[in-house]
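Welcome! Let us take a walk through this structure together, one part at a time. Have the sequence at hand as you read.

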Amino acid sequence: MVVRIRLARHGIKIRNRPFYNIVVANAKAPRDGKHIEKVGLYDPIPNEHGIKNIELNTDRIKYWLSVGAWPSDTVARLLSKAGIMPTLPKDINKPKNKKYKFSVNPSNEKLEDKPSE
């Protein structure tokens with residue numbers, strides 16, 4: 001069973017006032033479905049002082065990371081800001097949406113035109 005640490009959306013959807021529980025869940029479970037454990041809370045709407053609320057149970061998050069749970073991209077960014085995980089490059093899991101593929105000659109040799117036969 002692959003276990004992920006990810007966000008589960010809650011809150012009032014009509015008034016655009018979401019908040020997210022940070023949960024540990026099976027990777028095949030739906031986003032707002034059954035989860036194994038709730039390990040935190042994330043409120044993306046800043047308060048009157050401009051601060052976003054993030055509550056983390058660091059002991060349980062470290063435990064789940066130690067047994068092999070994979071955080072989602074957003075949760076990994078939040079955990080890196082909290083100092084629990086190292087900072088990841090921005091494009092580590094992003095597929096490249098390039099229209100054209102280029103090949104690179106790693107040997108730095110000049111390519112010679114060969115006459116066609």
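**A guided tour**

E37 is buried, with a relative accessible area of 18%. Please keep in mind from the start that this is a predicted model.

What does E37 pair with? R60 forms a salt bridge with E37, and their closest N and O atoms are 3.0 Å apart. R60 lies in helix α1 and E37 in strand β3, so this pair ties together parts that are 23 residues apart in sequence. The two partners can also be set side by side by their accessibility: R60 counts as partly exposed at 29%, whereas E37 is buried at 18%. The line between these two classes is drawn at 20% relative accessible area.

How many salt bridges does a search of the whole structure find? The search finds two. Besides the pair of R60 and E37, the side chains of D43 and R17 meet in a salt bridge, at 3.2 Å from N to O. Here D43 belongs to strand β3 and R17 to strand β2, so the contact links parts that are 26 residues apart in sequence. D43 counts as buried, at 15% relative accessibility, while R17 is partly exposed, with a relative accessible area of 39%.

Now follow R17 into its strand. Strand β2 covers residues 17–26 and pairs with strand β1, residues 3–12, in the antiparallel sense over ten bridges. To see this pairing in your view, look for V3, whose bridge partner in β2 is N26.

Strand β1 has another neighbour to visit. In which sense do β1 and β5 pair, parallel or antiparallel? They pair in the parallel sense, over two bridges, with β5 made up of residues 70–71. Here R4 stands opposite W70 in β5.

Our last stop is helix α2, residues 73–82. Which of its residues are buried? They are V75, A76, L78, L79 and S80. In general, an α-helix has 3.6 residues a turn, so residues three or four places apart point the same way. After α2 comes G83, whose phi is positive, near 90 degrees.

Notes. Residues numbered from 1 in each chain as written. Predicted model: local features only at pLDDT ≥ 70, side-chain atom pairs only at ≥ 80, totals over all residues. Heavy atoms only, no water. Pairing = 2+ DSSP bridges. Helix = DSSP H or I, 4+ residues; strand = E, 2+ residues; numbered from the N terminus. Buried < 20%, exposed > 50% of the residue type's maximum accessible area, 1.4 Å probe, protein only. Salt bridge = Lys/Arg side-chain N within 4 Å of Asp/Glu carboxyl O.
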